[in-house]
Amino acid sequence: MSDHFPMLLADASSAAGRFDWLMLSLLLVTGAMAVLLAGLIIFFSIRYRKGSAADRTNPPSGARGLEAAWTIFPLLMFLGIFTWAAFDYAQLYRAPDDALPVFVVAKQWMWKVQHPNGRREIDELHVPLGEAVKLVMTSQDVIHSFFVPAFRVKQDVVPGRYTSLWFKATKLGTYHLFCAEYCGTDHAGMRGRVIVMPPDEYARWLQQGNTESGIAAQGFALFRKYGCSGCHSAGSSVHAPDLTGLLGRTVHLQDGRSLIADENYVRDSILLPKKDVVAGYAPVMPSFAGQVSEEDILALIEYLRQTGADHDDRQRP
Amino acid sequence: MNTEAMQIAEQFDSAAQQREAATFGMWIFLATELMFFGPLFFGYLYGRTHFGEAFGAASRHTDIALGTINTTVLLTSSAAIASAAAARRLGATRLAMRLLFVTAALGTLFLVLKGIEYRHEWQEHLVPGLRFSFAPQYTDGAEIFFFLYFVLTGLHAVHLCAGIVLTLFFALHLRRENLLFANEEKIEIAALYWHFVDVVWIFLYPMLYLIERAGG
Amino acid sequence: MTIASDPEQNRANVPRTDEPVASSGSENYFSRDFSLKSWLTTHDHKRIALLYMASIIAFFFIGGAAATVIRLELATPQGDLVTADTYNKLFTAHGVIMVWMFLIPSIPSVLGNFLMPMMIGARDLAFPRLNLASWYVYMTGGIFTLLALVLGGVDTGWTFYTPFSTMFSNSNVILVMVGVFIVGISSIMTGLNFIVTVHTMRAPGMTWFRLPLFVWANYATSIILVLATPVLAMTLVLVGLERLLHVGIFDPALGGDPLLFQHLFWFYSHPAVYIMVLPAMGVVSEIIPCFARKRVFGYRFMAYAILGIAIIGFLVWGHHMFVSGQSVYAGMVFSLLSFLVAVPSAIKVFNWTATLYKGSITFTAPMLYALGFVGLFTIGGLTGLFLASLALDVHLTDTYFVVAHFHYIMVGGAVMAYLGGIHFWWPKITGRLYPEIWGRVAAVLIFCGFNLTFFPQYLLGYEGMPRRYHSYPPEFQVLNILSSAGASILAIGYLLPMFYLAWSLFYGKRAGANPWQATGLEWQTPSPPPKDNFDTTPVVTEEPYAYTPQITSGLVQ
């Protein structure tokens with residue numbers, strides 16, 4: 001839409017187009033209602049101003065049918081809008097399985113971004129055109145919010161848990177990134193840029209910069225450094241759950257509950273190991289709270305995700 | 001039947017209207033108190049759902065003996081103040097006065113026993129924020145439990161203090177034979193407040209003392 | 001068809017007491033005792049209303065001063081007028097003062113206190129001493145709040161989100177929360193008083209469905225006040241405990257949950273906005289029938305709509321949390337309920353419009369404010385639909401779109417209704433008429449200034465400008481300048497009444513008992529009323545708003 005109206009906000013993601021249609025539709029509907037009401041008020045004010053020669057016989061002070069009509073009609077309209085918006089919202093929370101993961105750690109007052117291959121950036125996010133990107137985000141301190149107006153996406157970034165946001169960029173260019181949840185002194189300065197590049201350029205860009213090993217490889221190194229492998233590897237004498245392919249697996253807990261292991265579960269297990277103990281295991285795992293950073297945890301998670309992928313690859317005939 | 005003249009405040013048209021307004025006012029006030037305690041009850045519900053085992057383990061560390069005695073004390077005090085209101089209604093003002101003093105005394109006994117409990121809990125390092133320590137696998141949940149325990153019982157104790165002051169206030173007025181002031185209507189309303197404090201405790205007692213006690 | 005030769009005969013069936021009441025020497029609630037002590041120890045609901053009026057005016061201008069600096073800063077993209085920390089303290093002060101010290105008490109504690117007993121035919125509220133105490137408690141809370149500001153300010157925003165407020169802010173968080181807690185107690189006292197009064201002190205014949213809608217509105221508001229405010233009180237206590245004792249309730253680093261705070265906070269703060277708007281709707285429902293000379297359209301529906309808004313308003317708080325990390329399903333439930341709460345609001349707007357139909361309309365200052373309310377509340381309410389729409393809210397939340405939305409309702413709505421009410425009942429309260437021309441000028445200035453200030457903010461929000469931003473990218477400047485320009489007009493509009501209303505106290509034409517020929521028991525008393533309002537308790541025999549517009553066509557004026 002911003003192609004036709006250049007002054008409007010750019011719509012640079014697959015979600016933005018749908019958003020603008022919904023916005024425009026609602027604008028037309030509410031605009032019509034507003035114009036109608038304003039028009040009626042002005043019309044009545046003029047026609048029935050004191051001293052005018054209008055017919056004032058039998059002025060009504062109620063009309064059940066009218067009340068019913070203007071209750072039901074708006075209600076139906078509202079339900080329609082609700083449904084459309086709820087549907088689009090559900091899409092916003094269903095990232096495609098093949099979305100490219102990018103990891104974001106927010107802190108006062110900057111965005112720390114890391115791509116799966118290890119390439120890091122600060123206050124900038126390079127993404128390829130036309131590919132779904134899923135951001136896995138957490139905060140080191142207070143609540144922030146990752147907001148890219150051109151993509152029409154926003155998600156609070158909360159300390160103590162992971163939240164995620166996905167988009168597929170549909171236009172090349174550079175777009176604003178704002179922090180949208182007040183986070184202290186330099187909240188207004190916690191801005192950045194999202195840079196959408198053609199896929200091949202993105203692939204090239206990814207290889208440049210600091211050539212750290214990929215996040216999963218970093219995670220493997222940390223897995224050994226922090227001693228996780230001491231208990232969780234196959235040859236260990238300590239009875240600890242096997243973590244291969246953990247992500248996405250159903251885990252049965254000691255108190256009878258079961259859950260699907262996701263990023264938040266892994267994070268909690270590292271920091272609050274007593275919280276969700278696996279059935280059949282003693283709660284002897286120590287907590288790593290205070291020792292392991294948010295970036296480290298993300299790397300460990302990626303390593304575990306990798307073990308699942310490797311395992312699946314080996315299983316495939 | 002109490003046939004004394006009533007003091008009717010000037011905004012009211014009749015004694016009946018005044019009484020209706022005063023009683024209704026106390027009920028509304030109690031509704032606000034319920035909403036004030038509400039978030040804490042909600043927090044307890046949340047904790048019990050998410051830290052079930054830890055809450056159970058923590059609950060076993062409350063002093064069930066003192067808690068049960070206290071429950072009996074408070075229920076008896078409610079009976080006492082209800083009787084005081086009835087006595088006042090029937091014109092037995094000296095009896096009403098004594099019953100009000102008994103109510104206050106029982107309330108004070110409750111506070112003393114609670115204080116002893118608190119002291120024990122402090123000695124056992126069960127006060128969050130003050131060198132709290134608990135079995136490692138339950139620490140987080142237990143700390144939340146005890147946080148709620150202290151805030152809920154502490155808030156309850158503050159309300160009980162207010163009730164004791166109120167009760168003594170009317171008891172002393174009865175002692176000085178200020179019958180017009182310490183009238184039936186006011187004592188009924190004070191009793192209503194006291195019953196509310198009691199009802200809150202009736203919920204707190206099982207929540208804080210009785211879970212996961214069965215079977216030892 | 002009869003032709004009335006005298007249009008005066010077509011006025012409402014009210015006693016013809018519009019001759020000036022002998023004022024000098026006769027006792028009314030105001031003139032009976034001028035000593036300070038009599039004012040500070042009064043039990044008279046009318047005097048207490050004036051005590052509140054003085055206080056809220058003061059707080060309004062303090063909150064407005066903060067807004068002035070904010071708009072001056074935002075005229076340029078860089079943060080060049082004040083430091084970032086100062087800016088953050090300014091918008092916090094603006095929000096805290098305007099919400100708790102001005103908007104929430106404004107209509108209930110000033111107009112409600114003054115009028116409710118009279119409207120139901122009572123001599124006073126059920127608990128006059130509680131009423132006076134509520135003002136003292138309010139002032140105490142206000143002083144704590146001001147102290148927090150003077151001693152260096154608070155920088156958490158009026159919403160106090162955790163863990164920033166509990167573990168990161170270095171400002172006077174506890175002090176301001178004590179202030180808000182105390183003010184909350186005051187509002188609970190007022191709400192309790194109103195509920196008991198309406199239930200137990202209505203005059204004979206004043207059945208529930210003969211009550212003026214102003215009474216209904218304040219009654220529903222009072223229910224919200226007594227049920228929601230205690231939850232805020234407890235939430236503030238928990239924040240204070242976490243901040244002081246470092247117990248983990250809301251801070252995840254200590255095992256707490258930041259979203260728990262948001263749920264608890266918004267459980268109060270959403271109903272709070274209905275505390276602010278329902279009384280305003282009540283005022284408008286008194287003014288429009290009077291100046292359209294016509295019964296309010298759909299009285300029963302209006303009453304039920306008020307109750308509906310109050311009840312459903314308790315169920316929608318999660319719409320402030322659509323992108324917070326709350327579950328998608330919870331989001332859907334809250335969104336649906338938020339659409340539902342819009343229905344009774346829409347019903348009210350339609351009914352006000354229909355009231356004008358076949359009326360006989362005059363455009364006095366109160367009427368201009370009331371019509372302005374209907375227009376601006378409609379726009380604000382319609383933009384609420386955008387925010388209730390889940391997918392749209394993802395983009396619009398935390399931007400200036402939200403800021404525009406709530407200012408349309410709270411300022412374009414509630415403040416205009418408050419001013420309309422002040423002008424409408426000014427003759428009753430003071431015994432004087434304000435200068436009508438100036439009243440109209442101020443109303444129009446406020447309407448225009450308001451729209452110029454806040455409409456551009458909708459556009460800013462859609463374009464992506466986040467809220468609480470001290471500085472911003474240059475492309476947002478044009479809209480910001482428009483907004484700041486509008487704010488200067490708005491400021492003049494708000495200052496004008498201060499001058500001409502004060503002037504009218506000394507030089508205004510004296511008002512009779514019923515200068516507007518309005519229905520309602522409050523207009524049956526002299527202006528200003530005596531201390532006990534009525535010599536004898538009135539007996540009500542007719543429906544409210546018994547206005548009769550001209551029954552002839554071709555009426556010659």
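Begin by selecting helix α1 (residues 15-50) of chain B together with α5(B), which pack at an angle of about 155° with their axes 10 Å apart (axes are lines fitted to C-alpha atoms over the stretch in contact, and angles run from 0 to 180 degrees between N-to-C directions). That angle makes α1(B) roughly antiparallel to α5(B), a word used for angles over 145 degrees. This is a predicted model, in which local features need pLDDT of at least 70 and side-chain atom pairs count only at pLDDT 80 or more, while totals for chains, interfaces and linings use all residues. Residues are numbered from 1 along each chain as its sequence is written, and chains are lettered from A in the order in which they are written.

Next, colour the residues of α1(B) that meet α5(B), namely Phe37(B), Leu40(B), Gly43(B), Tyr44(B) and Gly47(B); their partners in α5(B) include Gly141(B), Ile144(B), Phe145(B) and Leu148(B), contact being counted when C-beta atoms, placed from the backbone, lie within 7 Å. By class, this contact has nine nonpolar, three polar and no charged residues, with Gly counted as polar.

By class, the contact of α4(B) with α5(B) has 14 nonpolar, seven polar and two charged residues.

Conventions. Helix = DSSP H or I, 4+ residues; strand = E, 2+ residues; numbered from the N terminus. Parallel < 35°, antiparallel > 145°, perpendicular 65-115°, else oblique. Contact = placed C-beta atoms within 7 Å.
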